[in-house]
Amino acid sequence: MEKLWVVDFGSQYSLLIVRRARELGVYAELLPWNRLPTQLPSEVKGIIFSGSYASVSEGPPLPVEWIGQRPVLAICYSAQWLAAHGGGSVAESHSREYGPAKLELTNGSPLWSGVSSPTRVWMSHSDTITALPEGARSLGRTESIPHAAYEIPSQKVYAVQFHPEVAHTEEGGTILRNFLYEICGFTGEWRPEAEIDSIIQALRAQMPAGQAIGALSGGIDSTVAALLVYRAIGERFHGIFVDTGLLREGEAEAVLQAYEAVGLPVKRVRAQLPFLSALRGVTDPEVKRKTIGRLFIEIFEAEARQLEDVRYLVQGTIYPDVVESGTGVSATIKSHHNVGGLPERLALQLVEPLRLFFKDEVRALGWKLGLPERFLRRHPFPGPGLAVRVLGEVTAERLERLRRADAIFLQVLEESGWYDKTWQAFAVLLPQRSVGVAGDQRRYGETIALRAVSSTDGMTAEPTPLPSEVLFEAARRILAEVPDIGRVVYDLSTKPPATIEWE
Ligand code: XMP
């Protein structure tokens, strides 16, 4: 299969380049700059070098031996590095150029096919190219920089100091498409759903004998991973759904119905009581999360031990998780998953069929595998469930209170058409009581905070500007229908500095 390699020099946008290429129909992979193979496989038809947090004087080196072998697009730091090491020069600028700029195209190039001049681009760098490398011609300038882009036609090197991969670069998609199609000659055949047969073949080869287990959470990733494995090895796969009692109203049933609809055999383990008693008296958020994680593993492990010859653990790890914990180039490291530590304890081999896919691609796979539309459009939901949305102690009564309020909020969003326009929406129960009146009675109820955010990946988020009539309707119904709620408020915090969940 033809591939694009994206070499990561530590820019916050590196993974976005991979994503954009895949959206344009080209299969792309991210490779950390410090672990590059020496040979370029023939299936690699083009290379993009990413930007970096570093400056050219101290940053990582580019694999110059690859230059001339395949078409290259160098972005930002890489464009500067190639200039500085190819006979040109780069000056350190004192102020970082960050934000939108007007790019004027000064020379024709296949990179600019269909791009208007001027065009708005997104800059984020501190160095600037002051002299071009040998054999290069300048392709564009902005008000503050003379060589915002250049090409070295004899080597098929294209370089831009702006970021075509971010949405703020207006014609970034056209520029990337030009590089991939006109310059590298990709055919653009990549479609995630076309991979299903080869994924299933590979899973069969990976799991020739023995049993496999997987924890299903009701989320899209674990479900699609399980479905793929089930299609590959049939009854040798055992899906386990631990019902923690921390799910939303009607959710356990809805999830089990979706499994049934696609013929996925899943065992429901009813564990509401053990979770409630483990959480009794616990109010510290971290202790809550740890308590839930530990109990989950114990229960899952006990289920696994009832089966014979279990050799594999199926997980719904997706590409951003792999990259975040795997490349070591960027700063963030995320610990996951619900069953962390289990493979070692049970001596199981991990099977992660979605390691190479993005969330939207997993949705496409799920759709092709026949998962219901309703299931695929569900908002993300945290592993520890409603426990991190019931602030203070988690009790059966408080869970029920939150569940009702949450269901009302989601119903109002569905009815007003806002559910699909929101990335994630939910209610939070606060232990804060306040004074109110109901009829002639004084009442002293708890508080519900409504949270609705817009986001693309959950890393950053903004409060969704819900129309006031939607918010008023949700508040009116919650106050009228949920006992012991005295007040409803709307959370206006962005992430950062706030997180999406309250705990
Ligand atoms: P935060 O609260 O960190 O949440 O801004 C970002 C996104 O991650 C979800 N989230 C979790 N998902 N296990 C999960 O599987 C967890 O422990 C967890 N904590 C938060 C959250 O719902 C949001 O979508």
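# A guided tour, from hairpin to ligand

Start at G439. This residue has a positive phi near 65 degrees, in the hairpin of β15 and β16, which has two residues between the strands. Strands are DSSP runs of E with at least two residues, helices are runs of H or I with at least four, and both are numbered from the N terminus. You are looking at a predicted model, in which local features need pLDDT of at least 70, side-chain atom pairs count only at pLDDT 80 or more, and totals for chains, interfaces and linings use all residues. Residues are numbered from 1 along each chain as its sequence is written, and side-chain values use heavy atoms, with hydrogens and water left out.

**The hairpin strands**

Select residues 424-438 for β15 and 441-454 for β16. They pair in the antiparallel sense over 12 bridges. Two strands count as paired if DSSP finds at least two bridges between them. Now pick L430: its bridge partner in β16 is T447. In a regular strand the side chains alternate between the two faces of the sheet.

**The open sheet**

Move to the open sheet of five strands. Its order is β12-β11-β10-β13-β14, and the pairing is parallel. Which strands sit at the edges? They are β12 and β14 (349-351), each pairing on one side only. Neighbouring strands here are turned by 30 degrees against each other on average, direction ignored. The axes behind that angle are lines fitted to C-alpha atoms, for helices over the stretch in contact, and angles run from 0 to 180 degrees between N-to-C directions.

Select β10 (residues 211-215) next; four bridges join this strand to β11, and the two run parallel. I213 has H238 of β11 as its bridge partner. Then take β11 (residues 237-243) with β12 (residues 266-270), a parallel pair with five bridges. Here V242 is partnered with V269 in β12.

**Backbone stops**

Jump to C76, in the loop between β4 (72-75) and α2 (77-84). C76 is not a glycine, yet has a positive phi of about 55 degrees.

Next, go to the segment after β18 (485-490), where P496 is placed. P497 is found in that segment after β18 too. A cis peptide bond joins K495 and P496, with omega about -15 degrees. Another cis peptide bond joins P496 and P497, with omega about 5 degrees.

**The ligand**

Finish at the ligand. Select the residues around it, among them R289, W423, K495, T499 and E501; such a residue has a heavy atom within 4 Å of the molecule. The shell divides into five nonpolar, four polar and three charged residues. Ala, Val, Leu, Ile, Met, Phe, Trp, Tyr, Cys and Pro count as nonpolar, Asp, Glu, Lys and Arg as charged, and the others, Gly among them, as polar.

Which residue places a polar side-chain atom 2.8 Å from an oxygen atom of the ligand? Q424 does. At I500, a polar backbone atom is 2.7 Å from a ligand oxygen atom. At G383, a polar backbone atom is 3.1 Å from a ligand nitrogen atom.

Conventions
A polar contact is a pair of N or O atoms within 3.5 Å; within protein, one must be able to donate a hydrogen and the other to accept it, and residues adjacent in sequence count only if both atoms are side-chain atoms.
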